Every structure is written in C-alpha cells, then in structure tokens.
Number of protein chains: 2
Amino acid sequence: MGHLGQKIRELREKQNLLLRQVAAQLEVDTALISKIERGERNASKQQVIDIAKFLNANEEELSTLWLADKIESAIVEEPAIAYQAMKIANKNLKK
Amino acid sequence: MGHLGQKIRELREKQNLLLRQVAAQLEVDTALISKIERGERNASKQQVIDIAKFLNANEEELSTLWLADKIESAIVEEPAIAYQAMKIANKNLKK
DNA sequence: TTTACATTTGACAAATTTTGACAAGCCAAA
DNA sequence: TTTGGCTTGTCAAAATTTGTCAAATGTAAA
C-alpha cells in the first residue's frame, strides 16, 4: 500500500524539497507528511490537492493514486473475491 | 448503493421470513436489518456470514456483494477517475 | 373503520476509528 | 560529537460508525 505516498516522495525528492517544507505549506506537522509518504496515514482529498499544487504535479494523477490506495485498503482483506467485486462496482459505476 | 441489501431482501422474502426473525438470529434490533437491506447501513463481515447461513445463501456470493458495496462507496465521490484507480488497485492485487 | 403486525425513520449514546501534534528516537553527514 | 532530516510511539480530540429505542408509517384482515 502507498501508491500516493511513493509518488509524493519521488516528486519531492526530485525537487530537493524537505518534508518540513511540504508540511509548512500544508500547515501540518512534518511527522504527518512522513507518514503519508510511507503510506502509514492517508492524506485527505484537500491535502492531495495542496500537495499536487505545491509539487507542480498533476492533480488528477495524484488523486487517482489516492483513490487506488483507498480501493486497495478496502479489498486487501478479501483478495479472493476482490476482482469479482470490482467488476460489480465498476458495472454500476457506468449508470 | 446496496447490492448486498437487495440480495438479502430478495432471499428473505422468497423464504417468507420476517425482519424480526433475521434480527433475532443475529441478535440485533430489527431496525438494523431493515437498514442493512435498504443499504442505509453496512453489515459487518460476521453479519454477512451469519445472514448467509441463516438464509441458506452462498456466503461467497454475499461477501462479494458486500465488498462491491464497500468499493462503490469508496469511488462514488470520484467517478471520473474510478476506473483508472481500480485498474491500479487490481494490478497490485495480483502481487 | 379498528386492530394487529411489519417495517421504516430519526434521534441518540456508546464504541470505534481517524486525525494530527508532540516529543523522543534514529541515522547519516560534517 | 553535533546537526539536521526523518521516523516512531503515544496521546487527546474529532469524526465516524454502530446498534437501540421509540415513534411513525404502512398494510392487510376482520
């Protein structure tokens, strides 16, 4: 787990930014950003938006990773039936 | 939303059982079963198992619907990116 | 109509989960 | 060593979820 966190870390390091700087921008503790990057905590939707902006990243891309993490944490306990369940969920999405 | 609830109601009515009877079996209030059937509340995993047993239903089928509901509620706010996110989640599921 | 149930609804307290801060700890580079 | 960046564990506050209760609503028979 941690698609979003991995991506954030990658983006942040590529720009030589410190956790502290991202944290300041979002007005949260450094520890929280650390946890988000390592997938120990989930970011809120607003935080994803703010991070995307600060890191000059594509907001939709980050949001997609964020949602993927959410889905993964929903299915992780039930891998055997996850695929079928996603098929059902996806089908009804189209309506 | 409410794949599981719909199915439960269908099974229960086909067997001419009352909410009260299902509730008694699960040792919960009738109102809760009503809410589960109408998708107003989520059942716990254990409740899904107990209901499947009591209604002589396929446990895996009900669990799948239960998980589909969970996934749907995760993606419902982000329909535009849901498909892509599911693809990512599914990909990592295989590992 | 009344009556008798079955179901639904809304409000609520209790329980659980999530959230973010804080402080202490770790680790690598100087 | 010290320094600076990151990580970790713990905690209280906030938010969400859970199931119950009582009242409301629906329904079918008498």
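Visitor: Is the crossing in which α6(A) passes α5(B) left-handed or right-handed?
Guide: Helices (H or I, at least four residues) and strands (E, at least two) are DSSP runs, numbered from the N terminus. A crossing is left-handed if the near helix is turned anticlockwise from the far one by less than a right angle, and right-handed if clockwise. The crossing of α6(A) past α5(B) is right-handed.

Visitor: What kind of model is this?
Guide: Residues are numbered from 1 along each chain as its sequence is written, while chains are lettered from A and ligands numbered from 1 in the order written. Local features need pLDDT of at least 70, side-chain atom pairs count only at pLDDT 80 or more, and totals for chains, interfaces and linings use all residues, for the model is predicted.

Visitor: At roughly what angle do the axes of α6 of chain A and α5 of chain B cross?
Guide: Axes are lines fitted to C-alpha atoms, for helices over the stretch in contact, and angles run from 0 to 180 degrees between N-to-C directions. The axes of α6 (residues 79-93) of chain A and α5 (residues 59-75) of chain B come within 8 Å, crossing at roughly 55°.

Visitor: How many residues of chain B are in contact with chain A?
Guide: Two residues are in contact if their C-beta atoms, placed from the backbone, lie within 7 Å. On the chain A side 24 residues take part, and on the chain B side 24.

Visitor: Which element supplies the largest share of that side of chain B?
Guide: α5 and α6 (79-93) of chain B each give two or more residues. The largest share, twelve residues, comes from α6(B).
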